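Here is a short briefing on one protein chain. Look over the sequence and the 3D view, then work through the points below.

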Amino acid sequence: MSRLLPCSRFCVSTRLPISLEKPFSSTFITKSCSLLSKPCSSSSSSNGSSSSSHVPTRIKYIDPPNSDWVAPQKISSPVNEMVTYDASKLKGSKLYEILIGGVLPRPIGFVSTISSNGAVNLAPFSFFNGVSSSPPCVILSLTKTAQGGKKDTLINIEETKEFVVNTAAKWMSQPLNWCSANFPYGVSEMEKAGLTPIPSLKIKPPRCKEAPIQFECTLFNTMEVGEGLGSSTLVVGKVVAVHIAKEAIVSETPDGKHITLDPEFLQPLSRLGGASYGLLGEIFDIGRPKI
């Protein structure tokens, strides 16, 4: 059943955002990952913005494609001739462009850290995902700078062993993109972009108030992938607390073991190739088969 029209791909400008409209109230449901079946606190800030300003992403709910398919029927595919590349022989940034243009869509981890001297850093990363629920872990891939050095985020994580992954939402696109600029080390991108730092529950780096979900993390492990330009450091963070905008919670079971979140409220922002970003367009459900 179709409810709303689908969204489209878009590019983000590089102008400095003057202000950011808060699309939801400041109430968060906070859960410690050591006791996820029970809320450990509810956190809020003094800015009592109203949820009435929230405009839902236009999502189209559809029936599953090929809903009459049964195994082992063949499917119709537009794929015909393939172009094959030897990855070891690609030149310039071509392989990188294939990765960011072909691995789609990529969720964005908007990572806040703090240096040993107390300077806050905030930067978006699209080589990011969740990797485990026991222990609850997320992963970031932090590439080298253009000069071959470590990015500020990695420097801070190695120093303090803590960071926050703030989820990216449609209403955050302009300031999020602004935070991807090469600010000098020690400059607070959160302040420069007009975003709001709020205290974390268990760690020192602040959360970004405008983000609908915030994962407080401690460093679990790191791994080096390659050397020089194009190489990266994989950072695995153990989630120790989660903060979820109250409006994003559809339901929780009475026993506290299950929760359902609302993608229409969360309006997740993703990265595509080049300078393009994406939003949710069409959603459909397919139950897992029983063999």
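A salt bridge is a side-chain nitrogen of Lys or Arg within 4 Å of a carboxyl oxygen of Asp or Glu. Searching the whole structure turns up 2 salt bridges. Keep in mind that this is a predicted model.

**The chain overall**

- The protein chain contains 5 helices and 19 strands.
- It has 291 residues, and 39% of them are buried.
- Take the contacts with a separation of 6 or more: 68% of them join residues 24 or more positions apart.
- The accessible surface of the chain is about 16,900 Å². Carbon and sulfur atoms account for 56% of that surface.

**The two salt bridges**

- Side chains of opposite charge can pair when their charged atoms come close.
- Lys144 pairs with Glu224 in a salt bridge. Their closest N and O atoms are 3.8 Å apart.
- What does this pair tie together? Lys144 sits in the loop between β9 and α2, while Glu224 belongs to strand β13, so the bridge links parts that are 80 residues apart in sequence.
- Glu158 and Lys150 form a salt bridge too, with closest N and O atoms 2.8 Å apart.

**Helix α2**

- Helix α2 covers residues 152-160.
- Its buried residues are Asp152, Thr153, Leu154, Asn156 and Ile157.
- An α-helix has 3.6 residues a turn, so residues three or four places apart point the same way.
- Which strands do the buried residues of α2 pack against? They pack against β6 (109-114), β7 (120-125), β9 (136-143), β10 (162-167), β13 (213-225) and β14 (232-245).
- Just after α2 comes Lys161, with a positive phi of about 65°.

**Thr167 in strand β10**

- Thr167 is part of strand β10. This strand is one of those that the buried residues of α2 pack against.
- Why does Thr167 count as buried? Its relative accessible area is 17%, and buried means under 20%, so Thr167 falls below the cut-off.
- Which residues does Thr167 contact, leaving aside neighbours within four places in sequence? They are Ile108, Met172, Ala211, Pro212, Ile213 and Phe215.

How values were computed:
Residues are numbered from 1 along each chain as its sequence is written. This is a predicted model: local features need pLDDT of at least 70, side-chain atom pairs count only at pLDDT 80 or more; totals for chains, interfaces and linings use all residues. Side-chain values use heavy atoms; hydrogens and water are left out. Helices (H or I, at least four residues) and strands (E, at least two) are DSSP runs, numbered from the N terminus. Buried means under 20% relative accessible area, exposed over 50%, partly exposed in between (1.4 Å probe, protein chains only). Contact means heavy atoms within 4.5 Å. Accessible areas come from the Shrake-Rupley method with a 1.4 Å probe; for residues, only the protein chains shown count as cover.
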